[in-house]
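Trainee: Could you take one part of this model and go over it closely with me? I'd like the geometry and the cut-offs in one go.

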Amino acid sequence: MNVVQFKRPENRQAPPVKARRSFAEFAGAMALTGLVFFLLPMLWSGISTQLLAVIHLLIAVVYFQQGPRIAAGVWIALTLVTLVVVSAPSPVTYLLERGARAFDAALVAPRSG
């Protein structure tokens with residue numbers, strides 16, 4: 001009878017991965033999604049505001065689980081308030097819309113001088 005030596009594989013543990021996300025990454029993601037949601041209705045007029053808000057809230061919930069909890073929680077609350085009060089899918093989208101309106105009003109306003 002032959003005996004085969006069995007060598008167990010070395011127990012290698014992968015280095016711990018940093019699963020927490022930073023506040024800067026959270027702020028950048030929220031700003032970018034707000035900008036995309038501001039521009040998206042220009043490309044696709046049939047997109048629902050509620051669908052955009054749900055997508056935005058899902059992204060914020062991921063950051064709430066893996067990143068800055070307080071900032072993400074405040075952002076989720078602010079998004080819900082913005083959705084209910086002014087029907088905007090994101091606070092960033094609302095601010096961009098207000099800024100665009102103010103810019104248009106400034107261009108159209110008669111200049112006195």
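**Around helix α1**

Mentor: Let's start where α1 meets α4: M30, A31, G34, L35, F37 and F38 on the α1 side touch V92, T93, L96, E97 and A100 on the α4 side, where contact means heavy atoms within 4.5 Å. This is a predicted model, so local features need pLDDT of at least 70 and side-chain atom pairs pLDDT 80 or more, while totals for chains, interfaces and linings use all residues. Numbering runs from 1 along each chain as its sequence is written, and side-chain values use heavy atoms, with hydrogens and water left out. The helix names come from DSSP runs counted from the N terminus (H or I, at least four residues; strands are E, at least two).

By class, the α1–α4 contact has 8 nonpolar, 2 polar and 1 charged residues; Ala, Val, Leu, Ile, Met, Phe, Trp, Tyr, Cys and Pro are nonpolar, Asp, Glu, Lys and Arg charged, and the others, Gly among them, polar. The two axes come within 8 Å and cross at roughly 55 degrees (lines fitted to C-alpha atoms over the stretch in contact, with angles from 0 to 180 degrees between N-to-C directions). That is why α1 and α4 count as oblique to each other: under 35 degrees is roughly parallel, over 145 roughly antiparallel, 65 to 115 roughly perpendicular, and the rest oblique. α1 passes α4 in a right-handed crossing, with the near helix turned clockwise from the far one by less than a right angle (anticlockwise is left-handed).

α3 (residues 69-86) has another partner, α2: they pack at about 165 degrees, axes 8 Å apart, which makes α2 roughly antiparallel to α3. The contact includes A53, L57 and F64 from α2 and A72, W75 and I76 from α3, and its residues divide into 11 nonpolar, 5 polar and 1 charged. This time α2 passes α3 in a left-handed crossing. In the loop from α3 to α4 you'll find S87, a non-glycine residue with a positive phi, near 55 degrees.

F37, F38, P41, T93 and E97 are the closest to its centre among the 14 lining residues. Two or more lining residues each come from α1 (23-43), α2 (49-66) and α4 (91-108), and α1 gives the largest share, 4 residues. The lining has 9 nonpolar, 4 polar and 1 charged residues. On a 1 Å grid over the protein atoms alone, a 1.4 Å probe fits at the points; a pocket is an open set with protein on both sides within 12 Å along at least five of seven lines, and lining residues have an atom within 4 Å of a point.
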